[in-house]
Amino acid sequence: MIDRKDLGSWIEGTPQDPDYVPGTSYGLPADGPGSVAGFGRRLLSLVIDWGLCVVASIAFFQYDPLATLLLFVSLNVLLLSLFGATPAQFLLGLRVLPVARRWPMPVRALVRTLAMLTVITAVVWNRDRQPLHDVLAGTAVVRA
């Protein structure tokens, strides 16, 4: 007989250690500044940054979808490289930190942003609460 617990473990993947704290494998604190940011703030920052790009596209390009996309990529790569945060991340108290690999931040920002545009990398997460685009870039979004 199939038990709900068996079905849940099949759907959710292998069982996780209930005492594991996301981000600790990278040396990040369990809570407070420097800890891994939650999904809600990350999603809100994405929506705000995309909205800023849409407004700029409307103002300067009569809303051109390609211009919106290029503005989004430019905003992310430039500001993550220089400041470690986009305008919305800064507003919401988030920062993008390098946690793996020895790449310069502009390369990380470009890899992260281009991977994010595939969308699938944004919906596949690991146990450290990192979406695949952060894993590929060797970054983590943390609370500031």
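Reader: Is valine 119 buried or exposed?

Author: Buried means under 20% relative accessible area, exposed over 50%, and partly exposed in between, with a 1.4 Å probe and protein chains only. Valine 119 is exposed, at a relative accessible area of 53%. This is a predicted model, in which local features need pLDDT of at least 70, side-chain atom pairs count only at pLDDT 80 or more, and totals for chains, interfaces and linings use all residues. Residues are numbered from 1 along each chain as its sequence is written, and side-chain values use heavy atoms, without hydrogens and water.

Reader: What phi does valine 119 have?

Author: Most residues other than glycine have a negative phi. Valine 119, although not a glycine, has a positive phi of about 70 degrees. Its place is the loop between H5 and H6; helices (H or I, at least four residues) are DSSP runs, numbered from the N terminus.

Reader: What is the phi of arginine 129, and where does this residue lie?

Author: Arginine 129 has a positive phi of about 60 degrees and is not a glycine. It lies in the loop between H6 and helix H7 (132-137). Arginine 129 is partly exposed, with a relative accessible area of 30%.

Reader: Which residues lie nearest the centre of the largest pocket?

Author: A pocket is an open set of points on a 1 Å grid over the protein atoms alone, where a 1.4 Å probe fits, with protein on both sides within 12 Å along at least five of seven lines; lining residues have an atom within 4 Å of a point. Here 21 residues line the largest pocket, and Arg42, Leu46, Met116, Ala122 and His133 lie nearest its centre. Helix H2 (39-61) gives the largest share of that lining, seven residues.

Conventions. Helix = DSSP H or I, 4+ residues; strand = E, 2+ residues; numbered from the N terminus.
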